[in-house]
Amino acid sequence: MTNVAMTIAGSDSGGGAGIQADLKTFAFHCVHGTSAITCITAQNTLGVMRVDALPPAAVVAQIQAVVEDIGVQGVKTGMLLNQEIITAVAQQVESLSLDKLVVDPVMVSRTGAQLIDDAAVTSLRSQLIPLATIVTPNRYEAQILSGKEIHSLDDMKTAAEDIFHRTGAKAVLVKGGGMLGDARGVDVWFDGDRLEIITTTQVDTKNTHGTGCTLAAAIAANLALGKEPLIAVRQAKEYVTTALKHALNIGKGQGPVGHFFPLKESR
């Protein structure tokens with residue numbers, strides 16, 4: 001059997017995040033990657049120069065074309081950009097019974113910059129996140145979803161529990177990449193039963209572009225392979241940590257993680 005995963009996200013012309021990062025991650029995990037592109041971005045390691053949204057009907061057509069013929073065992077969402085696309089994707093998740101869904105909210109960057117408008121945030125919270133197997137907010141997204149400031153590991157634990165109860169997602173992974181001090185890089189998992197602290201080696205690099213996309217894609221790939229959600233998350237975090245150790249120092253700004261580090265090591 002060939003396991004298949006789908007990413008529903010934006011295109012990153014620099015190849016470090018979005019659809020491009022997701023497909024590389026799927027391939028690393030020996031999962032066939034499929035995609036539904038929501039928007040086209042012109043960006044590089046320095047920033048985003050332009051964003052063009054696709055019509056919601058085009059996003060829906062891509063999802064249906066893949067699911068109705070090939071089928072998928074795991075799905076992740078990334079940048080959905082606007083309220084109309086979020087609503088369309090949520091409707092497809094329900095109508096096509098896509099039950100192994102990883103939602104990377106992509107509402108606020110790790111530096112605190114809001115990436116989508118308030119109407120889109122509302123739709124994400126009320127329509128798509130309740131359908132998630134796992135939702136993976138960063139510090140600032142967790143603040144929005146929980147309604148509470150996050151400054152410590154204890155705050156992250158409280159936020160994970162609050163988001164679980166407020167949204168209806170089956171499990172919550174609050175990411176600590178944007179935290180300071182000992183909580184930096186520490187993630188918190190809550191699934192209504194287990195509250196787990198997930199840690200790995202901290203990697204000191206400026207080249208962290210695409211980290212969140214890569215983590216969510218690795219989780220989706222592991223779910224597509226039939227792994228239990230918490231195991232999928234732990235293994236995905238180890239993958240991202242190793243990819244960070246082999247991050248690519250390309251461009252003049254923030255380079256991407258090294259998705260295919262075994263190839264780099266073999267040269």
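Me: Is Thr25 buried or exposed?

Reply: The model is a predicted one. Thr25 has a relative accessibility of 0%. Since buried means under 20% relative accessible area, Thr25 counts as buried.

Me: In which helix does Thr25 lie, and which residues does Thr25 touch, not counting residues up to four places away in sequence?

Reply: The position of Thr25 is in helix H1. Leaving aside residues up to four places away in sequence, its contacts are Thr214, Ala217, Ala218, Tyr239 and His259.

Me: How many aromatic pairs does the structure hold, and why is the pair of Phe28 and Tyr239 called tilted?

Reply: The structure holds four aromatic pairs. In the pair of Phe28 and Tyr239, the ring centres are 4.6 Å apart and the planes stand at 40 degrees. Planes under 30 degrees apart count as stacked and those over 60 as edge-to-face.

Me: How many residues apart are Phe28 and Tyr239?

Reply: Phe28 belongs to helix H1, which covers residues 18–28. Tyr239 belongs to helix H8, which covers residues 229–245. The pair thus links distant parts of the chain, 211 residues apart.

Me: Is Phe261 buried or exposed, and which residues form one aromatic cluster?

Reply: With a relative accessible area of 11%, Phe261 falls under the 20% limit and is buried. The aromatic cluster consists of Phe28, Tyr239 and Phe261.

Me: Which residues touch the most other members of the largest nonpolar core?

Reply: The largest nonpolar core has 48 residues. Those touching the most other members are Ile8, Ile63, Val89 and Leu128.

Me: Which residues does Val89 touch, not counting residues up to four places away in sequence?

Reply: Beyond residues up to four places away in sequence, Val89 is in contact with Ile8, Val59, Ile63, Thr77, Leu80 and Leu128. There is also a second, separate core of 29 residues, which includes Val31, Ile134, Ala224 and Ala232.

Me: Why are helices H3 and H4 described as roughly parallel?

Reply: The axes of H3 (residues 83–95) and H4 (residues 118–128) come within 8 Å and cross at roughly 10 degrees. Contributors to the contact include Val89 and Ala90 of H3, and Leu124 and Leu128 of H4. Angles under 35 degrees count as roughly parallel, and H3 and H4 are therefore roughly parallel to each other.

Me: Where is Asp104 placed, and is Asp104 buried or exposed?

Reply: Asp104 sits in the loop between strand S5 (101–103) and H4. Its contacts, not counting residues up to four places away in sequence, include Thr77, Lys175 and Cys213. With a relative accessible area of 5%, Asp104 is buried.

Me: How many salt bridges does the structure hold, and how far apart are the closest N and O atoms of Glu196 and Arg234?

Reply: The structure holds eight salt bridges. Glu196 lies in strand S9 (residues 195–198) and Arg234 in helix H8, so their pair ties together parts that are 38 residues apart in sequence. Glu196 is partly exposed at 23% relative accessibility, and Arg234 is partly exposed at 35%. Their closest N and O atoms are 3.1 Å apart.

Me: What separates Lys157 and Asp154 within helix H6?

Reply: Lys157 forms a salt bridge with Asp154, and the closest N and O atoms are 3.7 Å apart. The two are three residues apart in helix H6 (residues 153–167), so the separation is about one helical turn.

Conventions:
Residues numbered from 1 in each chain as written. Predicted model: local features only at pLDDT ≥ 70, side-chain atom pairs only at ≥ 80, totals over all residues. Heavy atoms only, no water. Core = buried A, V, L, I, M, F, W, Y, C linked by side-chain atoms within 4.5 Å. Buried < 20%, exposed > 50% of the residue type's maximum accessible area, 1.4 Å probe, protein only. Contact = heavy atoms within 4.5 Å. Phe/Tyr/Trp six-rings, centres within 6.5 Å; stacked < 30°, edge-to-face > 60°. Helix = DSSP H or I, 4+ residues; strand = E, 2+ residues; numbered from the N terminus. Salt bridge = Lys/Arg side-chain N within 4 Å of Asp/Glu carboxyl O. Axes fitted to C-alpha atoms, helices over the stretch in contact; angles between N-to-C directions. Parallel < 35°, antiparallel > 145°, perpendicular 65-115°, else oblique.
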